[in-house]
Amino acid sequence: MATVDMRSLLLFSAFLRVFLIVYGEWQDKHMEVRYTDVDYFVFSDAADLMASGKSPYERTTYRYSPLLAFLLLPNTFLHRSWGKFLFSASDLLVGVFIYTILKKCSVPKNICTYSVMAWLLNPFTFTIGTRGNCEPVVCAIILWIIICLMNGNLLQAAVWYGLVVHFRIYPIIYAPTLVLVLNHHFFRLGQKPLPRIWSSGPSKKPECSTAVTKLNVLVAIKCIFSAERIIFGVISAAVFFFCTGISFYLYKWEFLHEALLYHLTRTDPRHNFSIYFYHIYLHYEREFSVIEKLISFLPQFMVQLVLVLRFAPDLPFCLFVQTVAFVAFNKVITAQYFVWFFCLLPLILPWSNINFKWKGLCCIFLWMGAQTHWLMWGYLLEFKGKNVFVELWMASLVFLAANTSVLVLLISNHTYSPLFQLLKQNSFEQSLKQE
């Protein structure tokens with residue numbers, strides 16, 4: 001297979017995205033179906049309101065942080081496509097970060113490049129940013145947090161994590177994983193962690209649990225409530241509450257409800273990939289209680305707990321399986337949510353034992369086939385006006401089964417490898433262990 005240069009790949013990817021943005025402007029003006037995502041018009045209108053001194057939440061369906069409207073202020077006075085270029089630049093940055101993370105793990109250059117191609121040349125991902133969706137910004141920040149941790153920059157990682165949770169609430173699910181990976185046996189303040197080596201082969205179970213059992217209670221408590229974990233938690237929480245507090249000061253309860261509380265109790269009667277949509281559609285006229293709205297989080301919580309406890313040391317893989325499971329069991333699933341785990345997929349490919357020609361293609365066709373099957377019924381419902389709600393709901397069940405099957409296959413064929421290597425014990429721990 002011919003070698004692909006990373007610089008050439010980035011230049012081609014940048015050209016492709018610029019072309020799609022320009023083409024999108026033409027299609028919006030000359031064709032009935034617009035290329036631009038409807039959410040981009042919501043973002044732009046919110047930025048216009050902010051530029052005129054008004055609240056961005058005067059725009060109905062704007063349910064994001066004020067930071068997003070602030071980033072798109074140049075849409076008002078520079079060009080309406082500013083946001084698309086910003087999101088597409090973040091898209092390219094994700095590719096650079098993927099390459100950086102894999103190189104830090106000593107993955108061969110050609111495998112790094114092919115893994116980056118899984119993101120940059122994915123038709124689904126390069127259309128998301130060019131259509132005006134903000135998810136690439138979130139993806140770039142998540143990957144940057146991983147890089148900060150690999151460089152030993154705990155404070156910077158904490159600041160960015162607090163910011164990204166404020167910007168887009170869903171990364172809150174990563175909190176337990178990030179806290180657990182900051183184990184004192186793998187990550188210490190003032191000492192650069194040792195990243196895993198790709199060529200070192202498969203790893204056994206996390207070594208921290210074994211090491212802790214050999215130490216006395218004092219060291220065990222220190223491992224659980226380590227300075228690294230406390231600092232990360234306090235700083236990330238402080239940044240989150242600071243940004244949230246400023247937003248609340250500016251836009252009051254309107255911000256709190258639209259940007260945060262709405263997502264916790266959201267019920268959407270419109271058809272979407274979620275298995276819950278049909279039940280919500282049938283009972284939407286009846287007001288759901290808070291308990292009913294929150295009980296749908298129970299399957300998500302149980303699956304997240306198991307995945308975190310099992311895979312937390314293998315940080316990129318744990319974040320990936322968490323995200324896939326979170327999206328699959330969510331009350332509302334739209335196509336843009338798939339980007340959340342697509343940006344993490346290239347980070348696990350070098351450690352996957354799946355043969356692309358057989359199992360790999362089967363995974364791709366299974367997932368895409370289930371999605372296409374759902375889209376067929378969605379088209380008949382939305383554009384042809386046919387009463388196919390039951391069939392669409394059954395297609396949602398098939399899509400959930402496909403997601404679960406692919407996830408199980410990826411887990412069973414993954415080479416477990418903690419992100420950080422075990423550090424040497426310091427003199428304090430060694431003396432306690434001897435006692």
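Predicted model: local features only at pLDDT ≥ 70, side-chain atom pairs only at ≥ 80, totals over all residues.
Let's call a residue buried when its relative accessible area is under 20%, exposed when it is over 50%, and partly exposed in between (1.4 Å probe, protein chains only). Residues are numbered from 1 along each chain as its sequence is written, and side-chain values use heavy atoms, with hydrogens and water left out.

Back to that pair. E135 and R168 form a salt bridge, with 2.7 Å between the closest N and O atoms. E135 lies in helix α8 (residues 135-150) and R168 in the loop between α9 (154-167) and α10 (175-181), so the bridge ties together parts that are 33 residues apart in sequence. A salt bridge here is a side-chain nitrogen of Lys or Arg within 4 Å of a carboxyl oxygen of Asp or Glu, while helices (H or I, at least four residues) are DSSP runs numbered from the N terminus. The structure holds seven salt bridges.

Another one of them joins R196 and D314, at 2.7 Å from N to O. R196 sits in the loop between α10 and α11 (207-214) and D314 in the loop between α16 (297-311) and α17, so this pair links parts 118 residues apart in sequence. R196 is buried, with a relative accessible area of 4%, and D314 is buried too, at 0%.

Now hop to D45 and R59, whose salt bridge has its closest N and O atoms 2.9 Å apart. D45 belongs to helix α2 and R59 to the loop between α2 and α3, so the pair ties together parts that are 14 residues apart in sequence. D45 is partly exposed at 28%, and R59 is partly exposed at 22%.

T61 lies in the loop between α2 (38-51) and α3 (66-71). Its phi is near 70°, a positive value in a residue other than glycine. Most residues other than glycine have a negative phi. K252 also has a positive phi, of about 55°, although it is not a glycine; its place is in helix α13 (residues 227-264). T61 is partly exposed at 42%, and K252 is partly exposed at 45%.

Last stop: F320, in helix α17 (residues 315-328), is buried at 3% relative accessibility. Leaving aside residues up to four places away in sequence, F320 touches F341, L344, L345, I348 and L410, where contact means heavy atoms within 4.5 Å. The C-alpha atoms of F320 and F342, 22 residues apart along the chain, are separated by 8.3 Å.

Terms used:
Helix = DSSP H or I, 4+ residues; strand = E, 2+ residues; numbered from the N terminus.
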